[in-house]
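Open the model in your viewer and keep the selection panel at hand. The tour starts at the ligand and then zooms out.

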Amino acid sequence: MAATLGGLWVADWTRRAAASIHRHREELIELDRAIGDGDHGENLDRGYTAALKALDNEADPAPAPLLRSIAMALMSTVGGASGPLLGTAYLRMAGAAREDIGPNELVAMLQAACAGIQERGKAAEAEKTMVDAWAPAVRAAAHAAEVGGGCHEVLEAAARAATIGAQSTFDMVATKGRASYLGPRSAGHLDPGAVSTSYILAAAQEAAKEETADS
Ligand code: ADP
Ligand code: MG
């Protein structure tokens with residue numbers, strides 16, 4: 001069982017994330033139509049398609065340069081509020097990534113991603129944004145590493161917490177982003193960015209499962 005993750009994992013994660021976002025495109029569009037402008041699925045599908053191309057064009061197969069290339073692709077193609085936020089998340093992960101990523105490095109990467117999103121978007125938890133998926137994911141990941149979990153366990157915990165966090169946005173009233181224009185009427189809907197975050201982190205977990213299984 002491989003103890004660490006590397007560039008192969010980053011590439012596999014991106015492919016799985018792109019496929020998942022593409023599969024959930026209409027659902028994300030519908031969620032954003034209810035409390036935003038209906039473009040989130042389209043934005044992310046376009047962004048991850050560009051990220052796949054960036055992966056293919058990146059000559060250096062180490063995690064940091066791959067994550068940086070993905071960040072640039074997302075920043076220049078996703079648009080909306082989510083493009084700069086997700087781009088920042090990937091840039092910060094690139095900054096925290098090591099050649100060999102163990103559980104503690106993985107936690108550091110996720111922490112850096114969430115901190116970057118919060119610095120950029122100024123959202124705290126319970127404001128009905130992607131932070132409501134990222135923040136609990138980081139906490140769960142840190143706990144999993146603390147109790148001795150490997151990379152897959154860390155990402156499994158993160159993905160599960162992100163899914164629960166995304167579900168928790170249903171009752172929230174949005175106070176950041178486009179959905180905040182609706183005020184109390186934003187309650188009773190899931191936040192599209194929190195839901196897409198749960199798909200992205202689930203893809204990270206699936207890729208890690210694959211990576212750590214056969215070596
Ligand atoms: P836009 O709102 O510009 O149309 P998208 O539809 O692509 O952009 O993304 C909307 C998502 O962005 C929201 O569901 C929310 O999760 C996230 N978001 C918006 N503003 C913020 C913010 N300030 N901090 C964190 N996430 C935010
Ligand atoms: Mg939108």
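Predicted model: local features only at pLDDT ≥ 70, side-chain atom pairs only at ≥ 80, totals over all residues.

Ligand 1 sits in the largest pocket. A pocket here is an open set of points on a 1 Å grid over the protein atoms alone, with protein on both sides within 12 Å along at least five of seven lines. To sit there, more than half of a molecule's atoms must lie within 2 Å of its grid points.

Next, show the shell: 19 residues surround ligand 1, each with a heavy atom within 4 Å of it. N43, A81, S82, G121 and D191 are the closest. By class, the shell holds 6 nonpolar, 8 polar and 5 charged residues; Gly counts as polar.

Colour by element. Helices are DSSP runs (H or I, at least four residues), numbered from the N terminus. α3 (40–57), α5 (82–96) and α9 (192–213) each give two or more residues to the shell. The largest share, 3 residues, comes from α9.

Now pick out side chains.

- S82, at 2.6 Å
- N43, at 2.9 Å
- D39, at 3.0 Å

The protein covers 93% of the 560 Å² of accessible area (Shrake-Rupley, 1.4 Å probe) that ligand 1 has on its own.

Zoom out. The chain has 9 helices and 0 strands. Its C-alpha trace spans about 50 × 40 × 30 Å along the principal axes.

Residues are numbered from 1 along each chain as written, with chains lettered from A and ligands numbered from 1 in written order. Local features need pLDDT of at least 70, side-chain atom pairs pLDDT 80 or more, while totals for chains, interfaces and linings use all residues, and side-chain values use heavy atoms, without hydrogens and water.

Key: Polar contact = N/O pair within 3.5 Å; in protein donor to acceptor, adjacent residues only side chain to side chain. 1 Å grid on protein atoms, 1.4 Å probe; cavity = no way out; pocket = protein on both sides within 12 Å on 5 of 7 lines; lining within 4 Å.
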